[in-house]
Amino acid sequence: MTESPNRRQEIAAHLAGVRGGIAQACRRAGRDPADVTLIAVTKTFPAADIRILAALGVADVGENRDQEARAKHAELAALPIRWHFVGQLQTNKARSVARYADFVHSVDRQDLVPLLSAGATRSGRTLTALVQVALDEAPGRGGARPQDAEALAEAVAAAPGLQLGGVMAIAPRGLPPAPAFGRLAEVAARLQRSHPGARIISAGMSSDFVEAISAGATHIRVGTALLGHRDPAVR
Ligand SMILES: *Cc1c(COP(=O)(O)O)cnc(C)c1O
């Protein structure tokens, strides 16, 4: 990967822009920016970019493929960052992810739960797991149906090595994001009645994090706006 001498300045400028956007969205929503965690989604970008982000004060990094995430984690294990696995999780990758991820955002079916639990307990770790909720009927983007979220949350909460963190969603393609994020907030509120500690609402990406913050997102997942466009040949 190219590592231009200007990369740090470029990322710093993008980060300032995103932080400004977060601050503005919080002002409008009457929220404290300290209550919104920025996760830098670094998939397809080199480990060097993660070093730059960490040096600029970013403490949360998101990846979506096990092999890539595992390699970057191994290389950067000394950095003070939390690792978030945000991509669709294949059953045969669950144990692996549980060995290095601090958060898994994409728990969308029951069969992942015992595998994540086994991976975490065997490594002596506690993994924060979020229930991914589907906000449209389109298949393929992952996510449990909203009516199944509660049962999945129960399973996560009961599993050794797993801590129920809350919910995650991706806005439906081609529809206004605000109503979808509103539905996610309702699911989150229902879940919190029986699991008061499950406070995380992971929602919003480069194009819609402002709407997500208005709807109560506690964690936003931003890639392109921080690092630029991903090489479409890679992803
Ligand atoms: C890639 C990705 C993001 C970041 O998307 P951008 O549009 O580049 O900000 C967020 N969430 C998930 C689940 C992703 O896979």
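This is a predicted model: local features need pLDDT of at least 70, side-chain atom pairs count only at pLDDT 80 or more; totals for chains, interfaces and linings use all residues.
Local features need pLDDT of at least 70 and side-chain atom pairs count only at pLDDT 80 or more, while totals for chains, interfaces and linings use all residues. Residues are numbered from 1 along each chain as its sequence is written, and side-chain values use heavy atoms, with hydrogens and water left out.

Reader: Which side chain of opposite charge is nearest to aspartate 208, and how far away is it?

Author: Aspartate 208 sits in the loop between strand E7 (200–202) and helix H8 (209–214); helices (H or I, at least four residues) and strands (E, at least two) are DSSP runs, numbered from the N terminus. The residue is buried, that is, under 20% relative accessible area with a 1.4 Å probe and protein chains only. It has no salt bridge, defined as a side-chain nitrogen of Lys or Arg within 4 Å of a carboxyl oxygen of Asp or Glu. The nearest side chain of opposite charge, at 6.7 Å, is that of arginine 221.

Reader: Which backbone nitrogen does the side chain of aspartate 208 reach?

Author: Aspartate 208 touches Ala171, Pro177 and Phe181, leaving out residues up to four places away in sequence; contact means heavy atoms within 4.5 Å. Its side chain also reaches a backbone nitrogen at 2.6 Å, that of methionine 205.

Reader: What is the bridge partner of isoleucine 39 in E8?

Author: Strand E1 (residues 37–41) and E8 pair in the parallel sense over four bridges, where pairing requires that DSSP finds at least two bridges between two strands. In E8 (residues 219–222), Ile220 and Val222 point one way and His219 and Arg221 the other, and all are buried. Within E8, the partner of isoleucine 39 is arginine 221.

Reader: Which residues touch the most other members of the largest nonpolar core?

Author: A nonpolar core is a set of buried Ala, Val, Leu, Ile, Met, Phe, Trp, Tyr and Cys residues joined through side-chain atoms within 4.5 Å. The largest has 61 residues. Apart from it lies another core, of seven residues, including Ala47 and Val61. In the largest core, the members with the most such contacts are Ile22, Val104, Leu116 and Ile220.

Reader: Why does alanine 129 count as buried?

Author: Alanine 129 lies in strand E5 (residues 127–132). Its contacts beyond four places in sequence include Val104, Val156 and Leu164. Alanine 129 counts as buried because its relative accessibility is 1%.

Reader: How many of the nine residues of helix H2 are buried?

Author: Helix H2 (residues 47–55) is mostly covered. Among the elements covering its buried residues are helix H1 (7–29), E1 and helix H3 (66–75).

Notes. Buried means under 20% relative accessible area, exposed over 50%, partly exposed in between (1.4 Å probe, protein chains only). Lys and Arg count as positive and Asp and Glu as negative; His and the chain ends are not counted. A polar contact is a pair of N or O atoms within 3.5 Å; within protein, one must be able to donate a hydrogen and the other to accept it, and residues adjacent in sequence count only if both atoms are side-chain atoms.
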